[in-house]
Amino acid sequence: MAAGLYGHDAVFTESIDSLFEAMGQEGVALRSDWLSATPRVTVDHVTRSTPLLFAVGYALAATVSSWGIRPDALLGHSIGEVAAATYAGVFDPAEAARLVRDRVRLLAQAPPGGMLAVAASAATVQRYVDQDVVIAAVNSPTQTVISGLNGPIEAMTVRLRADGIVCQRVPALSPFHSPAMAYLADTERASYEGVTLRPPTIPVHSAYVGDVLSATTATDIEFWISHPSAPVLFWPALDQLLHISRCILIELGPGEGLITLARRHRSVASGESRVYPALPFRAGSRSADREAMQTLHDALTTAAAA
């Protein structure tokens, strides 16, 4: 989660501190657990994972920008779309941080549930899902994520494995991107009072619409408050992006989950497009975070000079 950059890179530190401060006391507790070897609340809990993914993603984008790199397009996954939209100017960063904080307060009230990564196409998985377990994300042609309350998810795990379909629980403690989260919308709407939404200054390829985010949709509150209960169409959005041109894709978040998916795309597999992580594949020492960012810096410098 990029803790090794904190206090080492001035731009990263200033950017993420400004977001923590905008979150108030929750931001103070979040930063404390993020930097602690023995956090009070596990990083998998929604009060830690969701705001950290947002804050780290935005701060990494600000850091790469300080190198003189300006993206041609942005693509986020789940809360990453809020980070992308914030970087693209749709949200003021401090307002976005407060909106994420308010969302997390509501998410923490969700009934216990979880998500299951299934090694199968969305079409295959569709034959199994029902009103209790739904498709939450289409990550690639052979990876679909389903979501639901604990009991139905556990029953679905048994059923899929009995049919020889490989599946694995995702480290999430809530049924994200399922109807179980629809209760948030009416309450979250109030958080947007006084918030100004603007058209993006950089194209945002939305994983909720599978296309470039229009000015109308980007400035529609109803679109943003639908995210916790709406499916993430990451692969369709990525495919649409990579059809435009050859790309250099940079994953601005922990690990290499998204670029691992991107490597399956024909544009990347053929070498037409390239992928680079900003952070190590797995959690490690804080120096590993700094080394990974330096490697990214060197790679982008070389690519720019080519």
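Visitor: Which helix gives the largest share of the lining of the largest cavity?
Guide: Helix H5 (residues 93–107) does, with three residues. A helix here is a DSSP run of H or I with at least four residues, and a strand is a run of E with at least two, numbered from the N terminus. This is a predicted model: local features need pLDDT of at least 70, side-chain atom pairs count only at pLDDT 80 or more, and totals for chains, interfaces and linings use all residues. Residues are numbered from 1 along each chain as its sequence is written, and side-chain values use heavy atoms, with hydrogens and water left out.

Visitor: What makes a space a cavity?
Guide: On a 1 Å grid over the protein atoms alone, it is a set of points where a 1.4 Å probe fits but cannot get out. The count of those with 30 Å³ or more is one. The largest cavity holds about 40 Å³, where volume means the space filled by probe spheres set on the grid points, joined across faces, edges and corners.

Visitor: What makes a residue part of the lining?
Guide: It has an atom within 4 Å of a point. Val 82, Phe 91, Leu 99, Val 100, Arg 103, Glu 188 and Tyr 192 line the largest cavity.

Visitor: Why is strand S4 (residues 143–149) called largely enclosed?
Guide: Five of its seven residues are buried, so the rest of the structure largely encloses S4. Buried means under 20% relative accessible area, exposed over 50%, partly exposed in between (1.4 Å probe, protein chains only).

Visitor: How do you know that S3 and S4 pair?
Guide: Pairing takes at least two DSSP bridges. Strand S3 (residues 133–140) and S4 have six, in the antiparallel sense.

Visitor: How do you know that the length of helix H7 (residues 150–162) agrees with its residue count?
Guide: The expected span is 1.5 Å times one less than the number of residues. For the 13 residues of H7 that gives 18 Å, and the end C-alpha atoms are 18 Å apart, so the two agree.

Visitor: Which residues of H7 are buried?
Guide: Ile 153, Met 156, Thr 157 and Leu 160. They cover an arc of only 110° around the axis, so they lie on the same side of H7. The arc is taken from the directions from the helix axis to the C-beta atoms. On the other side of H7, Val 158 and Ala 162 are exposed.

Definitions and conventions: On a 1 Å grid over the protein atoms alone, a cavity is a set of points where a 1.4 Å probe fits but cannot get out, and a pocket is an open set with protein on both sides within 12 Å along at least five of seven lines; lining residues have an atom within 4 Å of a point.
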